[in-house]
Amino acid sequence: MNAEYFRHFSQLTKLLRHKHYRCILLSALMTYTVRAAELSLLGWLMLKLTSSPLYVTLIGVCFGLPFFFFGLTIGSILDRTSKRNIILIAQGISLTTITILTTLIATGLVTPIHIFVGVFFIGTGSTTDFLARRALIATLVEQDNFASAT
């Protein structure tokens, strides 16, 4: 192992000494793991409903569009508001959307358009959450550790 590896490991241990950084890192890990499972399951559901690989691909497009459309706007809002509150709002958007989709699936009323709209809202919540967490990290760690933290 080279010296570069040990330098990065040393920076990581410095970061993990911050309680709030550990909390946000763990919550991000859980959030992004759940998000990957959601998208996989919704892709599988879309394939079962339509048998169309194109529709499955469009789920990824619907998830990514909010970042493209709203990323700059959300970033400017984050500069002026509480990042913690924005993260809670983003999680609420995702939770509400998943609850509605789950209800539609359980009742057998789900259609591809429901999935596309739901994934767009999940993508909006995920975009907001991602940007808010990145902005929050800057307030949790010292300037010399910032590059390693992000």
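At 62% relative accessibility, Arg-17 counts as exposed, where exposed means over 50% relative accessible area, buried under 20% and partly exposed in between (1.4 Å probe, protein chains only). Arg-17 sits in the loop between helix 1 (3-16) and helix 2. Its C-alpha atom is separated by 10.0 Å from that of Val-141, a residue 124 positions away along the chain.

A word on the model before we go further. This is a predicted model, in which local features need pLDDT of at least 70 and side-chain atom pairs count only at pLDDT 80 or more, while totals for chains, interfaces and linings use all residues. Residues are numbered from 1 along each chain as its sequence is written, and side-chain values use heavy atoms, with hydrogens and water left out.

**Overall layout.** The chain has six helices and zero strands, so its elements read α-α-α-α-α-α from the N terminus on; helices (H or I, at least four residues) and strands (E, at least two) are DSSP runs, numbered from the N terminus. Of the 150 residues in the chain, 32% are buried. Among contacts in the chain with a separation of 6 or more, 79% join residues 24 or more positions apart, with contact meaning heavy atoms within 4.5 Å.

| Helix | Number of residues | First to last C-alpha | Expected span |
|---|---|---|---|
| Helix 2 (residues 19-50) | 32 residues | 46 Å | 46 Å |
| Helix 4 (residues 83-107) | 25 residues | 36 Å | 36 Å |

The buried residues of helix 2 include Tyr-21, Ile-24 and Ala-28, and also Arg-35 and Glu-38. Helix 2 is followed by Ser-51, which lies in the loop between helix 2 and helix 3. Ser-51 has a positive phi of about 55° although it is not a glycine. Most residues other than glycine have a negative phi. Ser-51 is exposed, at 59% relative accessible area.

In helix 4, the buried residues are Lys-83, Ile-86, Ile-87, Ala-90, Ser-94, Thr-97, Leu-101 and Leu-104. Their cover includes helix 2, helix 3 and helix 5. Thr-97, with a relative accessible area of 10%, touches Gly-118, Phe-121 and Ile-122, not counting residues up to four places away in sequence. Just after helix 4 comes Gly-108, with a positive phi of about 80°.

**Helix 3 against helix 5.** Two packed helices are described by the angle between their axes and the distance between the axes. Helix 3 (residues 53-78) and helix 5 (residues 112-140) pack at about 35°, with axes 7 Å apart. Here axes are lines fitted to C-alpha atoms, for helices over the stretch in contact, and angles run from 0 to 180 degrees between N-to-C directions. The crossing of helix 3 and helix 5 is right-handed, the near helix being turned clockwise from the far one by less than a right angle. By class, this contact has 20 nonpolar, seven polar and no charged residues, where Ala, Val, Leu, Ile, Met, Phe, Trp, Tyr, Cys and Pro count as nonpolar, Asp, Glu, Lys and Arg as charged, and the others, Gly among them, as polar.

**Cysteines.** A search of the whole structure finds zero disulfides, a disulfide being a pair of cysteine sulfur atoms within 2.5 Å. Cys-23 is partly exposed at 45% relative accessible area, whereas Cys-62 is buried at 14%.

Definitions and conventions: Expected span 1.5 Å × (residues − 1).
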